[in-house]
Each structure stands twice: as C-alpha cells, then as structure tokens.
Amino acid sequence: MNFFPTPYPDELLYSTLARYCMRSGNIREIHNFEDLFGTRDCIAAMELPTQLDALIRNMPVNTKYTAEYFIYKHTLFPFLAAFIPPKRADKIIQTMRNGEGAVSYIRIGLISNSITLNKYFRFCPECFKEDIERFGEPYWHRSHQITGVFVCSKHKIHLYNSTELIRAGNRQRYIGASHENCIVEKEISYSNDLMEKMLWMAEAAEILLNNQFGFKEPEWFRSQFRVKLVEKGYARMNNYIHQKKLKQDFVDFYGHEYLQLVQSPVSKNSGGWLSDMVRKNNRTTYTVRYLLLARFLDIPVADLFNTKLGFNNDEDENNIDAYQELWDQRLIELAQSGLSIREIADVLKSSTKTIRKSIDRLGIEPFWKFNGGGKYLRKKYTDTKEFKIKREKFRKKWLQLHTRYPDKSSNQIRRKNDGLYAWLKKYDSEWLEQNYRRIKTVVSTVDWAKRDAELLLKVKKVIKEMKEGKPERITWTTIGSKLGISGWLSKKREKLPLTREYIDSVVESMEEFHIRKIKWAIEELERQGKEITLWNLAETAGVKPKYMKIISKEIQKVLEEKGYELPL
Ligand SMILES: [Zn+2]
C-alpha cells in the first residue's frame, strides 16, 4: 500500500478498508486483498477481522498503526470479548492478528446459539449527515453494529438497517456506507419506555467499546453479581438463589418486549440464561446479558470490572470461623462457670484434649487455674463471695427458665441449658433437687379407656413439639421421657390401644431420624445465613459421618428439592 486512509472516530476497520478499496484504483476486488494482506486468501469480516499483522506489514513505511490499536479502537472485540477469561481473550487476539478466514463466534464462546447476529450493516441518519459535513464522506460506525443495540447514543434516535449484508457471498469485498445503501425507507419508532432501555444499552455498550478494563475470570463476575443478589434479597449467603423471585422481578424490570428484542427472554419455567448466569457455571454468555443483569442489580459498568464488591460482614467468607467463634464463646462461659474440663467436654460433646488445647489457644483463665494459683488456697471455692454471687445468679436463671416455660419439665429445660444445669448439679444439687420440676404421672383408679384418650392428646402434643424444635428421635422411650412416664408408657402400651397405634405410626428408624435432622439442619443453616455444606450439615444436625454416608442419597434428594446444587 502506498497510502492508508485515516480511520475516523468510532469507525469499523472494515469501513476504513472499504474506503481504501474505493480509492485504490484496483479494478478487481481481489487485488485489494493482495494490497492489504499480501494474500487472496482472506475474508472481509465486520466484527472480528483477521490477518491484522499482515495488514500492518503491508502498510506504508513508518506507519504508526499496530494490530492492537485496530483491535481495540476499530473492531467489536472490546464489546464481544468483555466478559471472557484472559487466556481466551489472548487467543482471540492471536487469531485476529495471525489467523485466517473468519472467526467462529460461537466456537470461541462469544455468543451462544440462541443469539442471531445482525444481518445488515446499520447506520444512524444523523451521524450519516454529520459525517459527510465533517469528513466529506459517510462511514460505518462500530457502535451502531452491535447486536442488541438499537439506538445511536449520540443522537438518541433509532438505528436503521442499510441494504448491505454483513455476511454475504464469498465475503471478498469491502463495501462502505453510501447514499445508495443507507436509505431510511420507513421511520422506526418505539415507545418511550423501550427507548429508555435501548438508550441505556447503547451507552453501556459504548463504555465497553471505549475502555480496556482488563479481562477477568468468570468467578470474578459471578462473585460481583452474587454480592448484589444477596444485598437485594435474591440470594442467601449459602448460595441459595430465589430463582422464581429473581426472574419475576427481572421481567418486571425490563418487560417481555424488550427482552425479546435483545434476544434474552426470561420465562417462568426452570432454566434459561438468567438462571445459568447466577449459578455456578463457567460458561460465558453474550455480553448484552451481562449488561442486562448488571443494570438490573444497579452495578455501574465500570464498577463491574474495577471495584471488587463485597459484603459488609465477612460472615460468608468462612462459616467455619463463625462456628468456631460460637464454640469458643461457649467454652469461655463454661470455663468461667467453675466446671471441670471433663464436665465442659461433656457439655460441648468434645474431648478433654480438645478442651485443654482450646483453653490454651484462647488464653482463658479458668476458675480452676485461679484455684491452683492460690487465690482460694485457704478457702473452699464454695465459701467465696464469687461463688455466692454466681450461685444467686444461676438459681435465678434456673427459676426464670421455669417461669418462662411453665409447661416444660426440668428435664426439657436443662437440655438447652446444659451448662447451667451442670453447674447447679455440681455445686448446688440440694437446691436443684428442690427446684426440679417433674411432670407427674397420674396413678389412681384406672379407667384405661379414658386414660388412653387423654394420653393420646398429650402424646400428639409432645410429638408435635418434637417435630418442631431441634429434632429428637421419636421413639417410645423419648416420648415417654418427655411426658415423664418413660418406663411406664412402654410397659402399659398394651392397655393403651389408641396411643399405641398412634405412636407406632410415628416412631422413626435411625435412618428416618437422621434424614429429619438433615432437613432441620438445612433450615437452621438457612435461618442463620450459613453456607450449606456437608460439613455444616453434619455438624448442625449432629449426624456422624458414617451415617451421612448411609443416607447420602436421601440427603442429595432433599437438597435438590430445596434447589441446592450438587455436589456441595
Ligand atoms: Zn447518530
């Protein structure tokens, strides 16, 4: 080449090459390809042209242009590749520089099968006029050629199809914009509502075209979206996503008509691009869809790339930390309550070794260290003022619990207050005995039928309670002990046909019980905003790993029903 036209602002390289061809004086089109690329084996591509290194080599000497300059400033690469991982972006750049033929957009994952790219070159009638006034000729703008962009952001009017096909024939011709192919036959108008959305998309697309944000892994964007999904109540910390609510609000936000126009419809049925995007999934989808979701979630385009969005608290960062913290707090309480290591280990269902280690780790000064340290050398702990204060406090707490739960027995109450009970049992057992509430067994002249009927009601109530709180296995023994009639109930079952039949219908096998515990644990973790992992489930449910294995299929089923993804 002994000349090369200066690319205009926002001009497609394709368009600049078309202007070259017009001025080259070559009679046969194919000679233009030889001038430009040194070969005939080339294709005139609009979005992502190839053989750019060859083009630079054939430029007039001392050219200031580089392949990268064209790629970023005069092709659709910055838009189409905005959301792909760095490695793939490099590969595409390599193909644009040295590859032959056309780039397959689907194969390189820039668009999916569900997107149909624009068929015709598009133009803005106002830009067309202005370009002629300013440069003496019209040209193809790259920002007008994006599939999913319908308006000129500068003039805020609709873009029109030219008569020039983007993918026609052997694609060995470059054809510029002209009065012949840029004709407005019929004015297009859309409602203000649609216009507003179209304008926003045009502006967002332009931000991508005019910036080099740097490429990111899919995980980056997923995390960005997730933060906002949680913030806006569409997801929970534990990865649960309210797909139905998300879809509904998304459709309400954009409207079906607009979503159809940008080839990204969302239906209520399961699946679809929106569900895929917010799930754990590393596929890249069409740029327009990222922009739609970002807009919906109020994430400015630049922030999506440049600002790492995060939660205010880092609760989700490490649930194990949160659990550990609770456990530590509990240990501190217990250690200060005067219980021995053995007793604390029992309460926390842990080993004495673990308790000792943790006490060292936390630097707790437990009561027994004081004692050993000489503070109570001449006095018994139970003679100290501290002890009396503590005893007062604990007695008061015990009585308060009984006032708060008038229907519960002490047995039931101590289950949730094991530290308190253990302390009183150790240091104040006489008082505890006097203030221990037992649900009384009715023994008198026996009307078994009446008793059966009465008992049935009580049993139903107890079972209902057992199903509501933290799961306890439903067996004859547990029901009996709840009612304070554990031995008696089993022994007399033959005399209680109604009660027996009912209990037999609800008693659980170990496996059933474990599954119920898992279901409960899921809800519990959800309530606490903790992540649902097998570890957390086992921990919260109190199901041992070997049992988790036995019921693993059922666990999977339960999780699937609740909309969690597997494997966790
Ligand atoms: Zn315009």
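Predicted model: local features only at pLDDT ≥ 70, side-chain atom pairs only at ≥ 80, totals over all residues.
We can begin with the metal. The zinc ion draws its protein donors from four residues, namely Cys124 (SG), Cys127 (SG), Cys152 (SG) and His155 (ND1), at distances of 2.1 to 2.3 Å. Along the chain, these donor residues follow the spacing C-x2-C-x24-C-x2-H. The angles subtended by the 4 donor atoms around the zinc ion run from 103 to 114 degrees, so the arrangement is tetrahedral.

Attention now turns to helix packing. Helix H4 (residues 67-74) packs against helix H6 (residues 86-98) at an angle of about 115 degrees, and the two axes lie 10 Å apart. The pair is therefore roughly perpendicular, as angles of 65 to 115 degrees fall in that category. The crossing of H4 past H6 is right-handed. On the H4 side, the contact is made by Ala67, Glu68, Ile71 and Tyr72, which meet Ile93, Met96 and Arg97 of H6.

A further residue worth a look is Arg395, which sits in helix H19 (residues 385-404). Leaving aside residues up to four places away in sequence, Arg395 touches Leu424, Asp428 and Trp431.

Note on methods:
Residues numbered from 1 in each chain as written. Heavy atoms only, no water. Donors = N, O, S within 2.8 Å, 3.2 Å for Na, K, Ca; no water. Tetrahedral: all angles 85-135°; square planar, octahedral: opposite > 155°, others 65-115°. Axes fitted to C-alpha atoms, helices over the stretch in contact; angles between N-to-C directions. Helix = DSSP H or I, 4+ residues; strand = E, 2+ residues; numbered from the N terminus. Parallel < 35°, antiparallel > 145°, perpendicular 65-115°, else oblique. Left-handed = near helix turned anticlockwise from the far one by under 90°. Contact = heavy atoms within 4.5 Å.
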